Amino acid sequence: MREYRIAAIPGDGIGSEVIDAGIRVLDSLVKHIGGFNLSITHFPWGTDFYLEHGKMMPDDGLEQLKKFDAIYFGSAGDPRVPDHISLWGLRLAICQSFDQYANVRPSILLPGVQSPLRDGAADSIDWVIIRENTEGEYAGAGGRVHSGHASEVGLDVSVFTRSGVERIQRFALDLARSRPQKKLTFVTKSNAQRHGMVMWDDIFDQLCSKYSDLTIDKMLVDAMTTRMVLDPKSIDVVVATNLHADILSDLAAALSGSMGIAPTANLNPEGEFPSMFEPIHGSAFDIMGKDIANPIGAFWSAVMMLNHLGEASAAQILMNAIEKCTLDGTCLPQDLGGAATTEQVTDFILDMIRGSNDRV
Ligand code: ATP
């Protein structure tokens, strides 16, 4: 029996609602398919923990997580604590400490889902945005001087290292090579940011010579937003910095139906540390506790986690169940135009898994 240890960190807001739903689905896959087991440990870290202990996770939190095969994460953020404290105290601490430098963000217009784009323009949205995940604009370098005085200064310094840039660009180029379209769009802002971004461009130009089999183009990040709206079919794999890809992938989620469906994987590709899987949405406090959060982003993140663990059959069964749910249309959550609760969507997916004939 193949055994995997999963650390579940539901976090704040709707995080616990969608991660609970995701764990019900994962448990059902284990029972239905057989051959593997998931040993899931829950960590109640997040804002409640912070309000009690003054930190988002215990001092040895990272040490505890190290022994797991993967982390299944909900969200971090709560109006009772400033966002930069909750984000840095948990999610970014994990991404940076575990060198999860490749943030993989697929966007697909699922069958039956309506895009806000007109006339079927989005029908062929099948993108993967690769976000650098450990440095750049979110490196954490900076500070404040003369606090509270009229002369106060606040600095956030983007940090780009040659090794950090090279590895994420190579990861994106290799991914593009593995896909049928073999296309990569390189996103930059080197017209205005003339140091780190120009190095980002130089390194890409050097790497490109080894990928002559790919169709490669270069876009400024502002122009990329308009291309995503006006010419979505022309895009395949996109690589961008930490901040740029963060923004582009929220737009990608909205264009492919809703923030509630988009998944992400924070990968440490070398496997030295556990990788982390989470829906891209945040805590969404406006809908917390109402049982209306769309759990599909958490389910799709579980698909990515299962693929990462090597359980491709289970991943495929879950992805098929998600697509049946969106295509069928009778049990859609509110953000996709339906009236189903989180629990009803989860029950629908569970039925699809139980009815599936695919067994390994
Ligand atoms: P963050 O600042 O971490 O991005 P946030 O709460 O400000 O978090 P999001 O959670 O990313 O923002 O989402 C913005 C809005 O989209 C939410 O307020 C909510 O209305 C909607 N939304 C997000 N996720 C879901 C979901 N899973 N189901 C339904 N609606 C969602």
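How do the residues of the shell around the ligand divide into nonpolar, polar and charged? In this predicted model, five are nonpolar, five are polar and two are charged.

**View 1. Residues of the ligand shell.** The ligand is surrounded by residues from several stretches of the sequence, listed here in order. Ile 14 is one of them, and Met 259 and Gly 260 also belong to the shell. His 281, Gly 282, Ser 283, Ala 284, Asp 286 and Ile 287 surround the ligand as well, as do Ala 293, Asn 294 and Asp 335.

View 2. The side chain of His 281 places a polar atom 3.4 Å from a ligand nitrogen. At Gly 282 the backbone takes part, with an N or O atom 2.8 Å from an oxygen atom of the ligand. A polar backbone atom of Ala 284 lies 2.9 Å from a ligand oxygen. The ligand taken alone exposes 610 Å², of which the protein buries 62%.

**View 3. Helix α8 and its buried residues.** Helix α8 comprises the 14 residues 242-255. From first C-alpha to last, α8 reaches 20 Å, close to the 20 Å expected at 1.5 Å a residue. Its buried residues are Asn 242, His 244, Ala 245, Leu 248, Ser 249, Ala 252, Ala 253 and Leu 255.

**View 4. Gly 257 after helix α8.** Gly 257 follows α8 and has a positive phi, near 125°.

Methods
Residues numbered from 1 in each chain as written. Predicted model: local features only at pLDDT ≥ 70, side-chain atom pairs only at ≥ 80, totals over all residues. Heavy atoms only, no water. Near = heavy atom within 4 Å. Polar contact = N/O pair within 3.5 Å; in protein donor to acceptor, adjacent residues only side chain to side chain. Areas by Shrake-Rupley, 256 points an atom, 1.4 Å probe, with all protein chains shown as cover. Nonpolar A, V, L, I, M, F, W, Y, C, P; charged D, E, K, R; others polar. Helix = DSSP H or I, 4+ residues; strand = E, 2+ residues; numbered from the N terminus. Expected span 1.5 Å × (residues − 1). Buried < 20%, exposed > 50% of the residue type's maximum accessible area, 1.4 Å probe, protein only.
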